[in-house]
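Reader: I am new to this structure. Please take me through its aromatic rings, one close look at a time.

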Amino acid sequence: MDIEPSSRTSARGAGARLPGTPEPMHYWQGAGGNRLAGDSWGPAQGPLVVLQHGGGQTRHAWKRVGMALGEAGYHTVSFDARGHGDSDWAADGAYGQDTMVADLVCLIAQLGNRRPVLVGASMGGGTSLVAVGEDHVDATALVLVDIAPRIETEGVDKIQAFMSLMPEGFDSLQQVADAIASYQPHRQAPGSLAGLAKNVRLGADGKYHWHWDPRFRDISRKLDVRQHRLEACARRLTLPTLLVRGGLSDVLSEEGAQEFLQLAPHSEYVNVSGAAHMVAGDRNDNFGDAVIEFLARKVPVSGEPVQPPHQMQKQRDVAGVDLNDVP
């Protein structure tokens, strides 16, 4: 069930959307009344797949994967996390894991409380792992994209340095393109700047600003406490799980991936060569094929999921602390 927005405007707090920015197909209500924007593909009766992007990204990072899953018969939903893209910025600046999980639970309820496949990259993967590992969501399968309890601080520092570029804003889209190229030198430069419109908003100062809430960039991240929480979640996993690592990633090392597989030994693992931290964007074809092949075995379009439903018993390992995940 979608909510009806009062107008097709930018997310509250984000500034003006640029011409040509794709309009969200849907709006839903997140925790605390925060509006969430999203897109969907595939037949409504197909198994539900929810895609969650990383920090500093938007739902558009999943577009080609979402379309491929839709064509394979899955009802696939991708949404902008709070404070990102066309979703509202949090009035209280809350962007912790618990809040993100609460948004996810609200979204699933509005999609009919169907048991979903959760696919999450970076921040979205942490949200997915907590949602399943602490029994907030009875999922049918879990796909973690270049994220695990153990991550490399050097890679995280690079992401945060990129997100901190030009806090005063950019004078042109070319400056935006140059900033992205400095962070992703392995990618070919886009032939047109038009596609960058969805990454920025036009501020009242006449400058281009990143689409995300700058408070998300500046929040404190306790990586040691985060690792403890996610390790506990990983140990509890019983559902079909696939870990996908980018072979060039500086955020999830091979050692970090292998540690996750020891925590959740039933999991499957794919290493995508030629892809960095943003696996889906770097090697979309390889990534999409791996996920579809996995889901065809574990959550078939025609038939029941391998993982049966269970009685949920919510658990929490970090009492009183709403941790902020990596971007």
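Author: Trp-210 and Trp-212 are both buried in this predicted model. Their rings form an aromatic pair.

How many aromatic pairs does the structure hold? There are 6. One of them is formed by Tyr-95 and Phe-216. Their ring centres lie 6.0 Å apart. Their planes stand at 85°, so this pair is edge-to-face. Tyr-95 and Phe-216 come from distant parts of the chain, 121 residues apart. Tyr-95 sits in the loop between strand 4 (75-79) and helix 2 (97-110). Phe-216 belongs to helix 6, which covers residues 214-218. Are these two residues buried or exposed? Both Tyr-95 and Phe-216 are buried.

A ring can also meet a charge. The charged end of Arg-35 sits over the ring of Tyr-27. The distance to the ring centre is 4.1 Å.

Thr-241 is part of strand 9, residues 241-246. Its relative accessible area is 1%. Thr-241 therefore counts as buried, a class that takes values under 20%. Leaving out residues up to four places away in sequence, Thr-241 touches Phe-260 and Phe-294, among others. Leu-142, His-266, Ser-267 and Glu-268 are also touched by Thr-241. A polar atom of the Thr-241 side chain lies 2.9 Å from the backbone oxygen of Leu-239.

Definitions and conventions: Residues numbered from 1 in each chain as written. Predicted model: local features only at pLDDT ≥ 70, side-chain atom pairs only at ≥ 80, totals over all residues. Heavy atoms only, no water. Helix = DSSP H or I, 4+ residues; strand = E, 2+ residues; numbered from the N terminus. Buried < 20%, exposed > 50% of the residue type's maximum accessible area, 1.4 Å probe, protein only. Polar contact = N/O pair within 3.5 Å; in protein donor to acceptor, adjacent residues only side chain to side chain. Contact = heavy atoms within 4.5 Å. Phe/Tyr/Trp six-rings, centres within 6.5 Å; stacked < 30°, edge-to-face > 60°. Lys NZ or Arg CZ within 6 Å of the ring centre and 35° of its normal.
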